[in-house]
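Could you walk me through this structure, stop by stop? I have it open in my viewer and would like to know what to select next.

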Amino acid sequence: MTDTALVVGGTRFIGRHAVDDLLDHGYDVAIFNRGNHENPFAEDDRVTHVEGDRTDDTALKAAKLSVEPDVVVDCVAYHPADVEAAVEIFADVDAYVYISSGAAYGREEIPKREGETPLCDCTPEQAESDSSESYGPRKAEGDRIVFDAAMDGVNAMSVRPCIVYGPDDYTERLDYWIDRVETSDRVVVPGDGTNVWHRAYVKDVASALRVVAERGTPGEAYNVGDRRLVTLEEMVDLIAEAADTTVEVVHAGERELAAADLSADDFVLYRDYPHVLDTNKLADLGWDSTPLDEAMAASVDDHRDSDRDGSEWDPGRDAEESVLEILDTL
């Protein structure tokens, strides 16, 4: 008998790839969302679409009754109240998998480990906030709700991705760097290029959600990220290789950046203190990540097929040119 999966969300980034992965592994799949974004599965008769607002408990209950899922993957639980409702409504499914975040960790250490590194606290005000500053605390509180539900017998688990990249990435964070590599001979990289911000290829996040649903332990959280980490400069080199081009990486220190009214934090995917997640717990379930050259090649191909250029993250090419001129005089 074929298992049925309900993906709450399912049309944009992680959810879209989760649907693909579940289909590839023989699941019947339904997606539940408001229909605000184009449905990439509209012509795919293997995917059922149930329209509704996940913050409407009645609509979520109706989706559960119509789909009768064995597995639920929750891509759009952004507030603790969303998770509270979900673990109650889906209390009898074989697996409820909540997408949390590496941002849920409340202490800087290398690496961050499930069950060892403390999670963020979450105030009542943060729990209802939509601010980026409250994102980590909100995700952490969702984790705690999942753990409590498991203590009450719900087969609920959590997956914590770090920065996610790959095809269909509407955040355009990686697109900024791909665009720079493809349009410039010289690419400014802040600092000495060795900073590390752990990233996760979206297809690997999708497979992690399924693997955790199939083999995970209720009440547990699982980090997901590339098994091989690269520095920011190494990432630029990977992009150049995938794009079949060459660029000169130019390191810019605090002084040179400040002379052009820039700081290192103006460059997306830069992080002063390394953010590294331990992924051994997930790997112990039989999961593995895609080779980085393969993941980057797919990301570059998708970038070229899209209209994304990462301009939202652009610190300003004129400012970068000023930095290059300053460095050339040193």
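This is a predicted model: local features need pLDDT of at least 70, side-chain atom pairs count only at pLDDT 80 or more; totals for chains, interfaces and linings use all residues.

Two strands count as paired if DSSP finds at least two bridges between them.

Stop 1: Colour the strands and trace the order E3-E2-E1-E4-E5-E6-E10, which gives an open sheet of seven strands with parallel pairing. At its edges you will find strand E3 (47–51) and strand E10 (221–224); each has a single partner strand, so one side of each is left without a neighbour in the sheet. On average, neighbouring strands here are turned by 20 degrees against each other, direction ignored.

Now zoom in on E10 and on strand E6 (residues 156–161), which pair in the parallel sense over four bridges. Select Pro-161, and you will see Val-224 of E10 standing opposite.

**Stop 2: the cysteines.** How many disulfides does the count come to? The count is zero.

**Stop 3: the aromatic rings.** The whole structure holds five aromatic pairs. Begin with Tyr-165 and Tyr-201, a tilted pair with ring centres 5.6 Å apart and 40 degrees between the planes. This pair links distant parts of the chain, since Tyr-165 sits in strand E7 (residues 163–165) and Tyr-201 in strand E9 (residues 199–201), 36 residues apart. Are these two tyrosines buried or exposed? Both Tyr-165 and Tyr-201 are buried.

Next, select Tyr-176 and Trp-177. Their ring centres are 5.0 Å apart and the planes meet at 75 degrees, so this pair is edge-to-face. Tyr-176 is buried at 1% relative accessibility, and Trp-177 is buried at 0%.

**Stop 4: a loop threonine.** Finally, go to Thr-290, in the loop between helix H10 (280–283) and helix H11 (292–305). Thr-290 is buried, with a relative accessible area of 16%. Leaving out residues up to four places away in sequence, Thr-290 touches Tyr-201, Asp-204 and Ala-295. With Asp-204, there is also a polar contact of 2.7 Å between the side chains.

Conventions: Residues are numbered from 1 along each chain as its sequence is written. Side-chain values use heavy atoms; hydrogens and water are left out. Helices (H or I, at least four residues) and strands (E, at least two) are DSSP runs, numbered from the N terminus. Buried means under 20% relative accessible area, exposed over 50%, partly exposed in between (1.4 Å probe, protein chains only). A polar contact is a pair of N or O atoms within 3.5 Å; within protein, one must be able to donate a hydrogen and the other to accept it, and residues adjacent in sequence count only if both atoms are side-chain atoms. Contact means heavy atoms within 4.5 Å. Axes are lines fitted to C-alpha atoms, for helices over the stretch in contact, and angles run from 0 to 180 degrees between N-to-C directions. A disulfide is a pair of cysteine sulfur atoms within 2.5 Å. Rings of Phe, Tyr and Trp (its six-membered ring) pair if their centres lie within 6.5 Å; planes under 30 degrees apart count as stacked, over 60 as edge-to-face and the rest as tilted.
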